[in-house]
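Good morning. Please look at the sequence and the model while I talk through them.

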Amino acid sequence: MRLDSTVTAALMHEPSDSSLLWDAVRVTARLWEAADALVGGLEWRNHRRAAKKRARAIEYARDRPTRVQHYRQLIK
């Protein structure tokens, strides 16, 4: 599955890369849940909780090496 995101001008805060990645994980999990409800018996793992944790860790990281490490884990 592939998700793309487009940033447009709006009267709100500028989205960060980590928040866009977190949104992609959240939407993907929601789509898998809907597909599983329709078909039933799909085998998939819900990574929402781990992705949210890593997105927050990126947001609050103080130094670049730590942030890069969390980004790699989130993308993985």
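This is a predicted model: local features need pLDDT of at least 70, side-chain atom pairs count only at pLDDT 80 or more; totals for chains, interfaces and linings use all residues.

Residues are numbered from 1 along each chain as its sequence is written, and side-chain values use heavy atoms, with hydrogens and water left out.

First, confidence. pLDDT is the predictor's confidence in each residue, from 0 to 100. The protein has a mean pLDDT of 85, and 91% of its residues reach 70 or more. Helices here are DSSP runs (H or I, at least four residues), numbered from the N terminus.

Next, the packing. Two packed helices are described by the angle between their axes and the distance between the axes. How are α1 and α2 placed relative to each other? Their axes are 9 Å apart, at an angle of about 170 degrees. The axes are lines fitted to C-alpha atoms over the stretch in contact, and angles run from 0 to 180 degrees between N-to-C directions. So α1 is roughly antiparallel to α2, a label used for angles over 145 degrees.

Which residues make this contact, where contact means heavy atoms within 4.5 Å? From α1 come Ser18, Trp22, Val25, Arg26, Ala29 and Glu33, and from α2 come Arg48, Ala51, Lys52, Ala55 and Ile58. By class, that is 6 nonpolar, 1 polar and 4 charged residues. Ala, Val, Leu, Ile, Met, Phe, Trp, Tyr, Cys and Pro count as nonpolar, Asp, Glu, Lys and Arg as charged, and the others, Gly among them, as polar.

Now the core. A nonpolar core is a set of buried Ala, Val, Leu, Ile, Met, Phe, Trp, Tyr and Cys residues joined through side-chain atoms within 4.5 Å. The largest one has 5 residues: Trp22, Ala51, Ala55, Ile58 and Leu74. Helix α2 gives the most to this core, with 3 residues. Leaving out residues up to four places away in sequence, Ala55 touches Ser18, Trp22 and Leu74.

Last, single residues. Buried means under 20% relative accessible area, exposed over 50%, and partly exposed in between (1.4 Å probe, protein chains only). His70 sits in helix α3 (residues 64-75). Is His70 buried or exposed? His70 counts as buried because its relative accessibility is 19%. With residues up to four places away again left out, His70 touches Arg54, Ala57 and Ile58.

Lys53, in helix α2, has 62% relative accessibility and therefore counts as exposed. Its C-alpha atom is separated by 13 Å from that of Arg67, 14 residues apart along the chain. In the segment before α1 we find Ser16, which is partly exposed at 33%.

Notes. Helices (H or I, at least four residues) and strands (E, at least two) are DSSP runs, numbered from the N terminus. Contact means heavy atoms within 4.5 Å. Angles under 35 degrees count as roughly parallel, over 145 as roughly antiparallel, 65 to 115 as roughly perpendicular and the rest as oblique.
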